[in-house]
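Here is a quick tour of one protein model, written for someone who likes cut-offs spelled out. Have a look at the sequence and the coordinates before reading on.

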Amino acid sequence: MPDNSLLIKLAAVLFGLAGVFYIWRVFVCETIGRLASSIPIIGSIILCFGVVGRSIEMQQVPFTNLSGALAFMALALAAIYLLMEQRRRIGALGTFVFGMATIVLLISIFMPQQINLIPLPAPANLWGMIHFGASLLACVAFTLAFFASITYMLQEYMLKRKQITRLQRHLPSLDMMDDLAYRMVTLGFLLLTVGIIAGVLWVQSTLREILISKGIWFLITWLVYAAYLHVRVVRGWQGKWSNRLLVLGFACIFAGFVSIFVAYLGADSTYFNLHRFER
């Protein structure tokens, strides 16, 4: 049986290498940079084996501990991006995507594996799995929307200053980035809504009790993306203001994950009351 930890480490190396080749493709050479399209596919397959193998080994879904959740997110981020890249010319985003996936995997690798969620009696545990799975996938979709907004702003900046460079030519068009961000936010918003509802059912409590600790950040995140969809769909706003909301939404996600690590360090006892971890 292969060493699952070794597979995840190998995937991290390949994702890092893919990020380098994506940069190479944009700034140096298109021909050699084409390797950037194949290396992450191999890395994703290896990571999939690692994540699934670890789940089988631990006899639980991959995101029931923090290390597994991060590896699951890196896999989802890479897989969704690679699927989109098959249909759109968005290669410049690969630099951001695989840079982020590498960082997330490295954090996962260096985290202790024995930090497990304390199982709750069924069916509460089922709601917990839905809560975690949907929320993590929502974060992945919002992250891709954030990268699309960053690319949009970079392309817009260079076009306004008429900086026609190799980088500008490799960046996707403004319309493509705006459409991609909108689709990812729509997907993420639906998943986050499911995640929040499942979370409320999971703790078998009132909405008031989840409005603390990590929960409050994800509710704020939900409101920010609801505002984005409102201005994007109802008011028809695109570009500058809608992209700023995407940056704000990503900042909320980042703050939510910071709260998780604070909980891990034992600084937030309230968190442990709702999302208990054992060492």
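## Ground rules

This is a predicted model, so local features need pLDDT of at least 70 and side-chain atom pairs count only at pLDDT 80 or more, while totals for chains, interfaces and linings use all residues. Residues are numbered from 1 along each chain as its sequence is written, and side-chain values use heavy atoms, with hydrogens and water left out.

## Overall fold

The protein has 12 helices and 2 strands. Along the sequence the pattern reads α-α-α-α-α-β-α-α-α-α-α-α-α-β.

Of the 279 residues, 50% count as buried. Here buried means under 20% relative accessible area, exposed means over 50%, and partly exposed is in between (1.4 Å probe, protein chains only). As for contacts (heavy atoms within 4.5 Å), take those with a separation of 6 or more: residues 24 or more positions apart account for 77% of them.

H3 covers residues 39-58, which makes 20 residues, and reaches 28 Å from its first C-alpha to its last, close to the 28 Å expected at 1.5 Å a residue. That expected span is 1.5 Å times one less than the number of residues. The buried residues of H3 include Ile39, Pro40, Gly43, Ile46, Leu47 and Arg54, and the buried set packs against H1, H4 and H5. Ser55, also in H3, is buried with a relative accessible area of 14%. Leaving out residues up to four places away in sequence, Ser55 touches Gln60, Val61 and Pro62. Just after the helix, Gln59 takes a positive phi of about 55°.

H4 has 22 residues and reaches 32 Å between its end C-alphas, close to the 32 Å expected. Because 17 of its 22 residues are buried, H4 is largely enclosed by the rest of the structure. Leu82 sits in this helix and is buried, at 9% relative accessible area. Beyond residues up to four places away in sequence, Leu82 touches Tyr22, Pro40, Ile41, Ser44 and Phe98.

## The largest pocket

Rolling a probe the size of a water molecule over the atoms shows where empty space is left. On a 1 Å grid over the protein atoms alone, a cavity is a set of points where a 1.4 Å probe fits but cannot get out, whereas a pocket is an open set with protein on both sides within 12 Å along at least five of seven lines; lining residues have an atom within 4 Å of a point. Grid points are joined across faces, edges and corners, and a volume is the space filled by probe spheres set on the points.

The largest pocket has a volume of about 380 Å³. It is lined by 17 residues, and the closest to its centre are Met73, Met100, Val104, Phe254 and Phe257. H4 (66-87), H5 (93-110), H6 (124-160) and H11 (240-264) each supply at least two lining residues, with the largest share, 6 residues, coming from H11. By class, the lining has 16 nonpolar, 1 polar and no charged residues. The classes are Ala, Val, Leu, Ile, Met, Phe, Trp, Tyr, Cys and Pro as nonpolar, Asp, Glu, Lys and Arg as charged, and the others, Gly among them, as polar.

## The second largest pocket

The second largest pocket has a volume of about 240 Å³. Of its 13 lining residues, the closest to the centre are Arg89, Ile90, Gly91, Arg169 and His170. H1 (4-27) and H7 (166-170) each supply at least two. The class count for this lining is 5 nonpolar, 2 polar and 6 charged residues.

Is Arg169 buried or exposed? At 55% relative accessibility, Arg169 of helix H7 counts as exposed. Its C-alpha is separated by 9.1 Å from that of Gln155, 14 residues apart along the chain.

Gln155 lies in H6 and is buried, with a relative accessible area of 4%. A polar atom of the Gln155 side chain lies 3.3 Å from the backbone oxygen of Leu171. Setting aside neighbours within four places in sequence, Gln155 is in contact with Gln168, Leu171, Pro172 and Leu174.

Methods. Helix = DSSP H or I, 4+ residues; strand = E, 2+ residues; numbered from the N terminus. Polar contact = N/O pair within 3.5 Å; in protein donor to acceptor, adjacent residues only side chain to side chain.
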